[in-house]
Amino acid sequence: MLQPDRRTKIVATIGPASNDVETLAALVDAGMDGVRLNFSHGTQDEHELSARHVRAVQAEAGRPLALIADLQGPKVRIGELAGPVALAVDDEIVVAGQDECGVDDLPVAPNVLSSVLEAGDEILVDDGHVRLRVERLDGGRALCRVVTGGVVEPHKGVNVPGVPLPVASLTEKDLADLDFALGLGVEATWTSPRSSRASRPRGRRPG
């Protein structure tokens, strides 16, 4: 298929439903110029298979395809759970670091919230689908009241609006994935940025 004269490059994220040779070839025919491997999901073996398929399709198409590794980046997430946790408005739930939480608590990793949370802070889970308000703190564990109910699942993102979190720019997982991606011969890498939010002064709240 002849490619139109255009200045814009089309990048497609490849996952389990699209990493076979036939689908990739169809995407190239539709104008795809680059493939994004999302290291927030999937295993290294799955990304390696995707990369092999991309290179095979590139050779068949006779034109270059950029292979881009998108590292997960420093994101605070819900840890391991026995199963999804359903929360209703006005329920109470404890949020704690994964190494400090009890059986019925919500574990969070990495354990950075206990050092920055204050009573009144809001904790957003899964892009705000579930909202919690910190009622009080006790030994690094935050007793929260549910403001917006919903189902909490493992590995969903956690954010605290207005509160800067002490998380490293690159995690150990990112560094391992970076070495792996370079071994695949990627043309570019980037790290998904954290949400940019204005932070409020910490300390005593106005009365």
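Analyst: Glu92, Glu135 and Arg145 are linked in a network of salt bridges, a salt bridge being a side-chain nitrogen of Lys or Arg within 4 Å of a carboxyl oxygen of Asp or Glu. This is a predicted model, where local features need pLDDT of at least 70, side-chain atom pairs count only at pLDDT 80 or more, and totals for chains, interfaces and linings use all residues. Residues are numbered from 1 along each chain as its sequence is written, and side-chain values use heavy atoms, with hydrogens and water left out.

User: How far apart are the closest N and O atoms of Arg145 and Glu92?

Analyst: 2.8 Å. The pair links distant parts of the chain, with Arg145 in strand S10 and Glu92 in strand S6, 53 residues apart. Strands are DSSP runs of E, at least two residues, and helices are runs of H or I, at least four, numbered from the N terminus.

User: And Arg36, which side chain does it meet in a salt bridge?

Analyst: Asp70, at 2.7 Å, N to O. Arg36 sits in strand S2 and Asp70 in strand S3, 34 residues apart.

User: Is Asp70 buried or exposed?

Analyst: Asp70 is buried, at 2% relative accessibility. Buried means under 20% relative accessible area, exposed over 50%, partly exposed in between (1.4 Å probe, protein chains only). Arg36 is buried too, at 17%.

User: New topic: how many disulfides?

Analyst: A search of the whole structure finds 0, counting cysteine sulfur pairs within 2.5 Å. Cys144 is buried at 0% relative accessibility.
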